[in-house]
Amino acid sequence: MEYVFNKAISQMLPSKTVDLMNKGMEMRAKGIDVVSLSVGEPDFNTPMAASYAGITAICNNKTHYTESRGILPLRRRLAKKLKEDNGIDCNEMNILVTPSAKFALYIAIRTMVNPGDEVMLLDPSWVSYAQMVVAAAAVPVSVPLSFENNYTITREALESVVSEKSRLLILCTPNNPTGKMLTMEEAKILADFANEHNIMIISDEIYEKLVYDGNRHLSIASLPEVADRVITINGFSKCAAMTGWRIGYLVANEVVLKQIYMFYNHTMTCIPAFSQEAALAVLDCEKELQIMRDSFCARRNYLVNELRKLPGVTCHMPQGTFYCWVKMERNNMNSDQLADYLLEKAKVICVPGTAFGAGSEKCLRMSYAVPQAHLEEAIARFKKVL
Ligand SMILES: Cc1ncc(COP(=O)(O)O)c(C=O)c1O
């Protein structure tokens with residue numbers, strides 16, 4: 001039988017990060033001792049108070065549909081957090097609680113673009129943005145940024161690819177994969193650019209609490225001149241070790257939110273009450289989250305310092321996230337060849353840079369959301385094969 005599939009969905013490419021995760025699991029199942037630096041989730045447990053709130057919700061029969069936008073106490077608490085931590089002027093009607101940040105991104109993109117529209121992605125950027133754009137029958141367009149310049153966003157880079165069809169720009173800060181954080185100067189450049197070209201901005205801030213060295217996270221929606229153009233996406237997976245609870249949220253002005261909500265309403269209805277209660281509780285677990293951050297910071301320092309000692313390796317100090325973005329010069333290999341070489345010779349899994357955009361031919365992403373012993377083992381193996 002010949003199936004007829006949706007054309008846009010047929011053009012999507014598989015995720016290299018998921019492929020690598022599966023490859024690592026297969027190798028382990030065969031008894032091969034692999035070290036995986038491809039993981040995108042904290043190796044910490046969800047704070048106990050959050051788990052307890054989730055269990056209590058189930059025991060109290062909070063096992064039915066909830067308010068579709070998300071339970072009111074959670075949306076009110078998030079509005080408070082967004083005002084205090086992010087400087088975003090909002091209330092509970094500007095917030096939609098979603099089953100993960102990923103789904104929030106998907107519905108935001110689907111709501112904002114039409115087939116053939118162009119969506120600007122800062123290169124390199126997280127693997128799923130481009131594919132979600134493709135699924136919406138829109139066209140991902142890379143904004144070329146450079147490793148040498150530590151991926152600083154410039155007006156020239158933005159102007160070099162903008163066109164009449166540009167509708168949306170997706171920003172991620174702190175950035176996966178580079179670990180770079182948005183500066184005020186860059187935010188102003190983006191704001192002026194978006195206003196002049198009538199472009200909406202999706203700002204993915206899922207790593208906002210994983211920042212080090214006293215760096216302060218900046219939400220572009222806190223700039224009043226551009227606030228109405230920004231859809232802020234966030235979630236609990238990375239900063240609160242809650243990947244399995246599948247909960248995120250989206251913030252936008254009421255007109256934009258109403259439209260996204262309509263789509264959401266027909267595709268999801270709501271998310272489980274226990275995940276929402278757990279998320280509400282974790283917003284007051286700052287002490288546990290600080291312990292996790294301190295550990296990531298120590299591992300980051302170790303990994304970067306050791307990587308910098310290896311031949312042909314250059315690496316900026318990541319300001320946030322739990323990833324190191326590494327440039328490796330070795331026999332003119334490209335990033336796929338480098339990742340294959342390290343897997344074959346050292347049995348270490350790294351994500352090739354080209355998974356995040358065409359401009360990262362010599363780069364690899366390495367996660368430090370793994371135990372210190374794994375990092376030490378990976379470094380020892382790199383020393384042998386490089
Ligand atoms: C930049 C970025 N945004 C969104 C997500 C998805 O997060 P969630 O677990 O909430 O779907 C990820 C996960 O890898 C990510 O790295």
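This is a predicted model: local features need pLDDT of at least 70, side-chain atom pairs count only at pLDDT 80 or more; totals for chains, interfaces and linings use all residues.
A polar contact, as I use the term here, is a pair of N or O atoms within 3.5 Å.

**Entry 1: the ligand**

I began with the ligand and asked which residues surround it. I found 13 residues around the ligand, and the closest are Ala101, Asp204, Tyr207, Ser237 and Lys238. Next I sorted this shell by class, which gave 6 nonpolar, 3 polar and 4 charged residues.

Then I looked up individual contacts. For Ala101, a backbone N or O atom lies 2.8 Å from an oxygen atom of the ligand. How much of the ligand does the protein cover? On its own the ligand has 400 Å² of accessible area, and the protein covers 92% of that. I also checked the pockets, and the space taken by the ligand is the largest pocket.

**Entry 2: a sheet**

I turned to the strands next. Strands of a sheet pair through backbone hydrogen bonds, in either a parallel or an antiparallel way. Here I traced an open sheet of 4 strands in the order E9-E10-E13-E12, and the pairing is antiparallel. Which strands stand at the edges? They are E9 (313–315) and E12 (351–352); each has a single partner strand, so one side of each is left without a neighbour in the sheet. I followed E9 to its partner E10 (residues 323–328), and the two pair in the antiparallel sense over 3 bridges. One of the residues I looked up was Val313, whose bridge partner in E10 is Met328.

- The peptide bond from Asp123 to Pro124 is cis, with omega near 5°. I placed Pro124 in the loop between strand E3 (118–123) and helix H6 (127–135).
- The peptide bond from Asn176 to Pro177 is cis as well, with omega near 20°. Pro177 sits in the loop between strand E5 (166–172) and helix H8 (184–197).
- Thr269 is not a glycine, yet I read a positive phi of about 70° for it. I found Thr269 in the loop between helix H9 (254–267) and helix H10 (273–282).

Key: Residues are numbered from 1 along each chain as its sequence is written. Side-chain values use heavy atoms; hydrogens and water are left out. A residue is near a molecule or strand if one of its heavy atoms lies within 4 Å of it. A polar contact is a pair of N or O atoms within 3.5 Å; within protein, one must be able to donate a hydrogen and the other to accept it, and residues adjacent in sequence count only if both atoms are side-chain atoms. Accessible areas come from the Shrake-Rupley method with a 1.4 Å probe; for residues, only the protein chains shown count as cover. On a 1 Å grid over the protein atoms alone, a cavity is a set of points where a 1.4 Å probe fits but cannot get out, and a pocket is an open set with protein on both sides within 12 Å along at least five of seven lines; lining residues have an atom within 4 Å of a point. A molecule sits in a cavity or pocket if more than half of its atoms lie within 2 Å of its grid points. Ala, Val, Leu, Ile, Met, Phe, Trp, Tyr, Cys and Pro count as nonpolar, Asp, Glu, Lys and Arg as charged, and the others, Gly among them, as polar. Two strands pair if DSSP finds at least two bridges between them.
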